[in-house]
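Visitor: Please take a close look at one helix pair in this model. Then show me what lies around that pair.

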Amino acid sequence: MTVLDAVRQLRDASPDVTGRPRVIAIDGRGGAGKTTLAERLRKVVPNSAIVHTDDIAWNHAYFDWGAVLVENILQPLH
């Protein structure tokens, strides 16, 4: 499956979402290829952006950055 086909499949899985951005979260262990996949997705989706966990949670405990993500990324995006 190509990256574009994967994006289409994700989009088609939620056909009622219109007029707002979609968020794709990528999770995995270090060195698993998360950044590579994110870059490939960004290239096939016009006007998309990547937000790395390290960009928002560099000074937070390992699992204590959810509120930072919501407040500074997801709410403004909404």
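Guide: The axes of helix α1 (residues 3-12) and helix α2 (residues 34-44) come within 9 Å and cross at roughly 80°. That makes α1 roughly perpendicular to α2, a label for angles of 65 to 115 degrees. Axes here are lines fitted to C-alpha atoms, for helices over the stretch in contact, with angles from 0 to 180 degrees between N-to-C directions. Helices are DSSP runs (H or I, at least four residues), and strands are E runs of at least two, numbered from the N terminus.

This is a predicted model: local features need pLDDT of at least 70, side-chain atom pairs count only at pLDDT 80 or more, and totals for chains, interfaces and linings use all residues. Residues are numbered from 1 along each chain as its sequence is written, and side-chain values use heavy atoms, without hydrogens or water.

Now the contact itself. From α1 come Val3, Leu4 and Val7; from α2 come Arg40, Leu41 and Val44. Contact means heavy atoms within 4.5 Å. The residues of this contact divide into 5 nonpolar, no polar and 1 charged. Nonpolar covers Ala, Val, Leu, Ile, Met, Phe, Trp, Tyr, Cys and Pro; charged covers Asp, Glu, Lys and Arg; the others, Gly among them, are polar.

Arginine 8 pairs with aspartate 5, the closest N and O atoms being 3.6 Å apart. Both lie in α1, 3 residues apart, about one turn of the helix. The whole structure has 3 salt bridges.

Step back to the chain. There are 4 helices and 0 strands, in the pattern α-α-α-α along the sequence. The C-alpha trace spans about 35 × 30 × 20 Å along its principal axes.

Terms used:
Angles under 35 degrees count as roughly parallel, over 145 as roughly antiparallel, 65 to 115 as roughly perpendicular and the rest as oblique. A salt bridge is a side-chain nitrogen of Lys or Arg within 4 Å of a carboxyl oxygen of Asp or Glu.
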